[in-house]
Amino acid sequence: MRTVGPGALVPAQWRAFACGLVLLASCMLAAGAGAWVPHLTALFSAALTPDPDTKLPAPTRYSYRGIHTTVVQGVETPLRTKLEATVPAELRDVLAFYRTELGKLGWQEQHDGVVSVDHVQLAFVSPLGPGMLTLDRKDSGTTVNLVQKNASVATKANVMPEPGQAMLVFSNISETEATLTINDQTIKRAAGAYAVSLDLQPGKYSYEVSVPGHPATTNILNFAAGDTWELTVGRDGEAWSPLLLY
């Protein structure tokens, strides 16, 4: 596996295969998400009990739950694991559940979080890497978004941003040249050329991906410090949706 660093090049074939694995893992797991709803007695019981079978902590009581992962070729451990759930419980009870269960796993809560009546956003340092918990009130329940990143896997896969920076990986697996314009820079990738990565300061960036014979794709991406996003032009010349790799 070649290095993906600032200005470094990676074979487009590797990037394409990695992207395929990423999307497959995410879609397969998402397809089964929420397919089972607990019995109503359990659904409205008072206690929030941890489910021993989940990859990330989650209550056994929920009305929706899904696990999504991003992976790279040759590495079984995910780069990034995300739990999404809707729990029929008060936000304060769900917050107490997660502080307890994450603490048991060695997650260390940072001191710059946001805690209000209807919204919580907490950053953690977990044994594997950065973690983030977001809770929101929704109807009579609480939505959960819990993310854990694996720093060692990101380093091995060469998609770890520099400290305080974000990273963008651009790959073209189509049969013609593709052009990316972002942050006043224009990057052209020939058919079959290596992928390229770009370091960016955190912030919102508008970008355009253009391929001859196809309408230009424009969008805005919000890069947080420590994030790695990927933009890929598929074999048919269409730009894929942005993918948060790490």
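Colleague: What does the pLDDT of the protein chain average?
Modeller: This is a predicted model, in which local features need pLDDT of at least 70, side-chain atom pairs count only at pLDDT 80 or more, and totals for chains, interfaces and linings use all residues. Residues are numbered from 1 along each chain as its sequence is written, and side-chain values use heavy atoms, with hydrogens and water left out. pLDDT is the predictor's confidence in each residue, from 0 to 100. In the protein chain 81% of the residues score at least 70, and the average is 84.

Colleague: In what order do the 4 strands of the open sheet run?
Modeller: Strands here are DSSP runs of E with at least two residues, helices are runs of H or I with at least four, and both are numbered from the N terminus. Two strands pair if DSSP finds at least two bridges between them. The pairing in this sheet is antiparallel, and the order is S11-S10-S13-S14.

Colleague: Which are the edge strands?
Modeller: An edge strand pairs on one side only. The two that do so are strand S11 (185–189) and strand S14 (217–223).

Colleague: Which residue in S14 stands opposite Glu208?
Modeller: Strand S13 (residues 203–210) and S14 pair in the antiparallel sense over 7 bridges. Opposite Glu208 stands Thr218.

Colleague: How far apart are N and O in the salt bridge of Arg99 and Glu109?
Modeller: A salt bridge is a side-chain nitrogen of Lys or Arg within 4 Å of a carboxyl oxygen of Asp or Glu. Arg99 lies in helix H3 (residues 91–104) and Glu109 in strand S4 (residues 108–109), 10 residues apart. For the side chains of Arg99 and Glu109 the N to O distance is 3.1 Å.

Colleague: Is Glu101 buried or exposed?
Modeller: Buried means under 20% relative accessible area, exposed over 50%, and partly exposed in between (1.4 Å probe, protein chains only). Glu101 forms a salt bridge with Lys104, their closest N and O atoms being 3.2 Å apart, and both residues lie in helix H3, 3 residues apart. Lys104 is exposed at 60% relative accessibility. Glu101 has 13%, so Glu101 counts as buried.
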